[in-house]
Amino acid sequence: MEEERGSSFGCKLARRSMLGACLGMVPWLAHADETSGPAASPPQVGDRLVFLTGEKKGQVVRVDDLPLGGPQVQAYPQDPKTGVVRDGSRLNLIILARFAPEDLSEETRARSAHGVVAYSGVCTHQGCPVNMWSNELHVLFCSCHGSMYDPKNGAQVVGGPAPRPLPSLPLKANSDIPVVAAGFTARVGPERY
Ligand code: FES
């Protein structure tokens, strides 16, 4: 429950400050129990991404669904053959955001599809979902303790206590659908996981 309290508190704080979008808390605790099998497998090459919350919950994310310049959306990978959504592990939480390709660092652009970038949605500090966005700074924001990540530059840490960037999830384009091109570039989650 600490994580939920931390996140909710952070969102309340954020509403009084410079921060913009505050994404849903639900997914974190809803998937607290990892299972085995394909739903708990990490993202696989060719997986699509499906919305975790909102009006399009459960639908496949398309490039034009993502607002140019942020904020991010939360998603889970989905096996396109079986339709299995890999929501059996909290470590599969992914965040997606879209930017003009020329605004991305070279390495980030190489991992993007039509300007869409994907990262682990699990904060590398203590594992909260990275569920907020700063309209002022244009960075991903973890509401638990204020870590900030630059989505246009490999989710490098630009503020707060996080010890390392969010792992990237390389993408490729299947028409207007971003799909997984390779596994996470680093171990997901904080050190204690
Ligand atoms: S868990 Fe994200 S800043 Fe602490």
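Contact in this account means heavy atoms within 4.5 Å. The structure is a predicted model, in which local features need pLDDT of at least 70 and side-chain atom pairs count only at pLDDT 80 or more, whereas totals for chains, interfaces and linings use all residues. Residues are numbered from 1 along each chain as its sequence is written, and side-chain values use heavy atoms, with hydrogens and water left out.

The chain contains three helices and ten strands; these elements are DSSP runs numbered from the N terminus, with helices being H or I runs of at least four residues and strands being E runs of at least two. Along the sequence their pattern reads α-α-β-β-β-α-β-β-β-β-β-β-β. Of the 193 residues, 51% count as buried, a term that denotes under 20% relative accessible area, with exposed meaning over 50% and partly exposed in between, for a 1.4 Å probe and protein chains only. The accessible surface of the chain comes to about 8700 Å², and carbon and sulfur atoms account for 51% of that surface; such areas come from the Shrake-Rupley method with a 1.4 Å probe, and for residues only the protein chains shown count as cover. Among contacts between residues at least 6 apart in sequence, 61% join residues at least 24 apart.

Two strands are said to pair if DSSP finds at least two bridges between them. Strand β4 (residues 116–120) is mostly covered, as five of its five residues are buried.

In soluble globular proteins, nonpolar side chains tend to be buried together. The largest nonpolar core has 21 residues, and those with the most contacts inside it are L49, I94, L96 and L171. A nonpolar core is a set of buried Ala, Val, Leu, Ile, Met, Phe, Trp, Tyr and Cys residues joined through side-chain atoms within 4.5 Å. The elements giving two or more residues to this core are β1 (48–51), β2 (73–78), β3 and β4, and the largest share, three residues, comes from β2. Apart from this core lies another, of 17 residues, among them C144, Y149, A155 and L166.

Leaving aside neighbours within four places in sequence, I94 is in contact with P43, L49, V73, Q74, A75, P77, A118, Y119, G121, L169 and F184. Q78 has its place in strand β2 and counts as buried at 9% relative accessibility. With neighbours within four places again set aside, the contacts of Q78 are D47, R48, V50, V60, G83, V84 and V85. Q78 and A39 are 39 residues apart in sequence, and their C-alpha atoms are 8.5 Å apart in space.

Another open sheet of four strands has the order β5-β6-β7-β8, with antiparallel pairing. Its edge strands are β5 (132–134) and β8 (156–159), each pairing on one side only, and the twist averages 40 degrees from one strand to the next. Strand β7 (residues 148–150) pairs with β8 in the antiparallel sense over three bridges, and Y149 stands opposite V157 in β8.

The structure holds one aromatic pair. The ring centres of F99 and W133 are 6.4 Å apart and the ring planes lie at 35 degrees, so the pair is tilted. Rings of Phe, Tyr and Trp (its six-membered ring) pair if their centres lie within 6.5 Å; planes under 30 degrees apart count as stacked, over 60 as edge-to-face and the rest as tilted. Because F99 lies in the loop between β3 and α3 (106–110) and W133 in strand β5, the pair ties together parts that are 34 residues apart in sequence. F99 is buried, with a relative accessible area of 4%, and W133 counts as buried at 1% relative accessibility.

Conventions
Axes fitted to C-alpha atoms, helices over the stretch in contact; angles between N-to-C directions.
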